Amino acid sequence: MNGWTGHILRVDLTSKTFKKETFTEEFALKWIGGRGFAAKILYDELKPGIDPLGPENKFIVALGPIAGIPAPNTGKAVVAGKSPMTGGYGDGNLGTRVAEHLRKAGYDALIVEGKADRPTMLYIEDDKVEFLPADAVWGQGTYETNDWIYAKYGKGVGVINIGQAGENLVRYAVVRSLEGRAGGRTGMGAVMGSKLLKAVVVKGSKPIPQADAAGMKKAGHDDLREVHRIDKETGWSIQSTNGVLAWCNEVAALPVRNFRKTHHPDAWKVDGERLNDARIATYGCPNCTMRCGITIHDDEGRESELDYENIGLLGPNLEIFDLPEVGALNYLCDDYGIDTMSGGCVLSFYADAIEHGAATGDYRFGDAAGSKKLLGMIARREGEIGDLLAEGTLRAALKFGRGSEAYAMQVKGLEVAAYNCKFIPGMALAFGVSPIGAHHKESWVITFELKSTSRESYGREKAQKVIELQRIRGGLFEYIVACRFPWIEVGWDLENYPKYFNLVSGLNWTLDDFWTVSDRIYSLIKLFWLREYPQTDRKLDYPPAVWFDPANADTEGPIAGKVLEYDKYDGLLQHYYDIRGYDKRGIPTRATLERLGLAEEARAAEKFGSLT
Ligand code: PTT
Ligand code: SF4
């Protein structure tokens with residue numbers, strides 16, 4: 001089967017056994033790979049209601065037909081499982097050499113089941129699978145763990161690993177890869193930790209089956225050069241993702257003080273220009289020629305790699321405007337394996353809760369030293385507060401009470417990304433309907449919304465655009481498995497992706513064929529949620545309440561006096577459901593499911609919740 005190895009590696013940590021399984025062409029064409037494979041496997045194999053941190057959960061690494069093949073930005077892998085943050089489907093996408101090595105070992109996906117009886121490192125080399133003790137690095141951070149692995153196997157192998165946060169089941173622990181970065185902010189590091197799985201190391205040497213290997217090689221090489229040229233021409237990677245910070249500040253979309261404010265006069269101190277000035281090195285994922293990772297020295301002289309999300313949520317959101325201090329918080333998150341985004345939101349929520357009398361403590365906005373200390377306590381689940389904050393913002397708010405849930409900045413239990421949508425209805429919708437909780441990865445509609453439409457509008461065109469972007473970002477790039485930055489940041493033509501897909505598979509797909517797959521995967525994920533939350537209703541797709549609160553409106557600046565309006569947001573949400581073919585609760589109708597080839601999956605869901 002060209003385009004796929006046709007095999008999945010299934011590993012059981014409890015019995016220390018493994019199986020090489022095959023999948024059919026029908027499965028491949030219906031789900032393509034990455035998020036598609038992961039969602040389908042989890043839907044079929046997980047019993048609803050299982051504990052995401054129990055041995056019944058599965059940890060999946062899933063690749064796509066172009067993953068690992070030299071072509072623009074294909075060094076990415078999807079990590080997935082039932083999310084400890086949300087209780088729904090969870091995944092993330094990280095740069096790692098595992099993408100190439102796992103495919104060269106002969107697999108399109110890895111499923112890890114059960115729980116080891118001691119800290120374990122899974123070592124996969126082509127057909128060989130070993131369960132190796134990882135006691136030597138259990139309790140260590142991701143940097144030391146990675147060094148230990150590189151010392152054993154050399155730097156060329158594929159590695160993913162966790163830090164103390166994953167080991168201690170911090171619900172928003174990430175999976176780390178030092179060739180790339182961090183992924184699975186839905187708590188995939190905690191899923192690994194719950195299985196006592198410290199690391200996965202992969203080395204593969206077989207060719208990846210491709211219909212036109214020579215054509216793909218040429219296209220890949222030419223295009224890598226071309227993407228590099230365009231990136232240099234546009235100058236995007238001079239500031240990389242953090243180029244957006246100054247704009248967010250200008251348009252009142254920056255998270256400041258737990259999203260209470262939308263801009264700050266000191267924001268320039270941590271903007272893209274300052275980040276580039278402080279640059280000491282540049283990092284990139286495998287197969288990337290527009291390397292977006294900028295590292296700086298933190299306030300203790302350590303190398304820390306910063307992106308917009310890390311800076312936005314650990315900087316302005318905490319009212320910390322010193323880059324080396326933000327760098328230190330980011331370094332600690334990376335080493336402990338804490339998601340910087342949820343970590344930043346949890347800290348800002350705690351400061352806000354203290355300020356509003358819902359919690360006690362001496363932590364304040366602007367307190368870099370206190371933030372460092374708290375991150376350590378969270379990673380170790382130390383003391384009552386470390387243990388509670390390790391549970392995430394929503395669970396902490398439910399404990400604090402006193403109305404704090406309204407300013408817990410999360411949707412479905414996952415903390416929001418660094419876009420303050422107090423008065424940005426379309427982007428608020430994008431967070432509301434993201435299938436994994438509030439994440440910008442699915443639909444980054446904010447630039448379209450602010451540059452091409454009226455900010456005031458709750459019109460159908462915004463719901464339509466959210467869906468269009470979801471099909472590309474949360475769809476195509478997550479199942480073909482490649483980084484979306486060449487397309488979104490430097491204008492690399494989307495048509496290139498069917499081109500690569502057709503070269504490796506020998507098929508003749510167009511972009512329209514892909515959109516059906518995207519919709520199918522989104523609908524299946526909705527069914528996953530329905531099974532977990534049979535009482536589900538449209539409120540699950542609402543952004544944080546504080547964005548609707550007139551008392552929280554800005555008192556000056558471009559959006560003074562403005563907040564989101566409930567009725568209008570609900571109307572926008574309804575447009576979204578109507579276009580997608582979902583019912584009033586936000587669940588795909590039976591007709592929609594049948595149209596997408598999900599009749600069987602619908603029958604399985606109906607045991608848990610009714611369909612319309
Ligand atoms: C992603 C999320 C992001 S999204 C960022 S910064 W970003 C944060 N990075 C973290 C980090 O670093 N360390 C840490 N301890 N926690 C972190 N949490 C946050 O995780 C990432 C890039 C970026 S940088 C983005 S937007 C794009 N994301 C892509 C995606 O999701 N899919 C895709 N097909 N291509 C993408 N390209 C870009 O990749 P999650 P990465 Mg990450 C230090 O996975 O769970 O979605 O969290 O993947 O390898 O780090 O690359 O301004
Ligand atoms: Fe990785 Fe950045 Fe390159 Fe994307 S653009 S592959 S995130 S280095």
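Helices (H or I, at least four residues) and strands (E, at least two) are DSSP runs, numbered from the N terminus. By that numbering, Arg181 sits in the loop between β10 (175-176) and β11.

This is a predicted model, in which local features need pLDDT of at least 70 and side-chain atom pairs count only at pLDDT 80 or more, while totals for chains, interfaces and linings use all residues. Residues are numbered from 1 along each chain as its sequence is written, chains are lettered from A and ligands numbered from 1 in the order in which they are written, and side-chain values use heavy atoms, with hydrogens and water left out.

**Ligand 1**

A residue counts as near a molecule if one of its heavy atoms lies within 4 Å of it. There are 31 residues around ligand 1, and Asn93, Ala182, Asp334, Asp339 and Glu478 come nearest. By class, this shell holds 10 nonpolar, 10 polar and 11 charged residues; Ala, Val, Leu, Ile, Met, Phe, Trp, Tyr, Cys and Pro count as nonpolar, Asp, Glu, Lys and Arg as charged, and the others, Gly among them, as polar.

Elements giving two or more residues to the shell are β5 (89-95), β11 (182-183), α11 (308-314), α12 (323-336), α13 (340-355) and α19 (460-481). The largest share, four residues, comes from β5.

The magnesium atom of ligand 1 has Asn93 (O) and Ala182 (O) as protein donors, 2.5 to 2.8 Å away. Donors are N, O and S atoms within 2.8 Å of the metal (3.2 Å for Na, K and Ca); water is not among the atoms, so sites may look incomplete. Asn93 in strand β5 and Ala182 in strand β11 are 89 residues apart. Asn93 is buried at 15% relative accessibility, whereas Ala182 is partly exposed at 35%. Buried means under 20% relative accessible area, exposed over 50%, and partly exposed in between (1.4 Å probe, protein chains only).

**Arg181 and ligand 2**

Arg181 also belongs to the surroundings of ligand 2, together with residues including Asn73, Lys76, Cys285, Cys288 and Phe485. That shell has six nonpolar, two polar and three charged residues. Within the protein, the side chain of Arg181 makes a polar contact with that of Asp307 at 3.5 Å.

**Salt bridges**

The whole structure has 58 salt bridges, each a side-chain nitrogen of Lys or Arg within 4 Å of a carboxyl oxygen of Asp or Glu.

| Pair | Distance |
|---|---|
| Asp44 and Lys40 | 3.0 Å |
| Arg538 and Asp570 | 3.1 Å |
| Glu565 and Lys568 | 3.5 Å |

Asp44 and Lys40 are about one helical turn apart because four residues separate them in helix α2 (residues 34-45). Lys40 is buried at 10%, while Asp44 is partly exposed at 48%. Arg538, at 14%, is buried; Asp570 is partly exposed at 23%. Arg10, Lys19, Glu21, Glu45, Lys58 and Glu113 are linked in a network of salt bridges.

How values were computed
A polar contact is a pair of N or O atoms within 3.5 Å; within protein, one must be able to donate a hydrogen and the other to accept it, and residues adjacent in sequence count only if both atoms are side-chain atoms.
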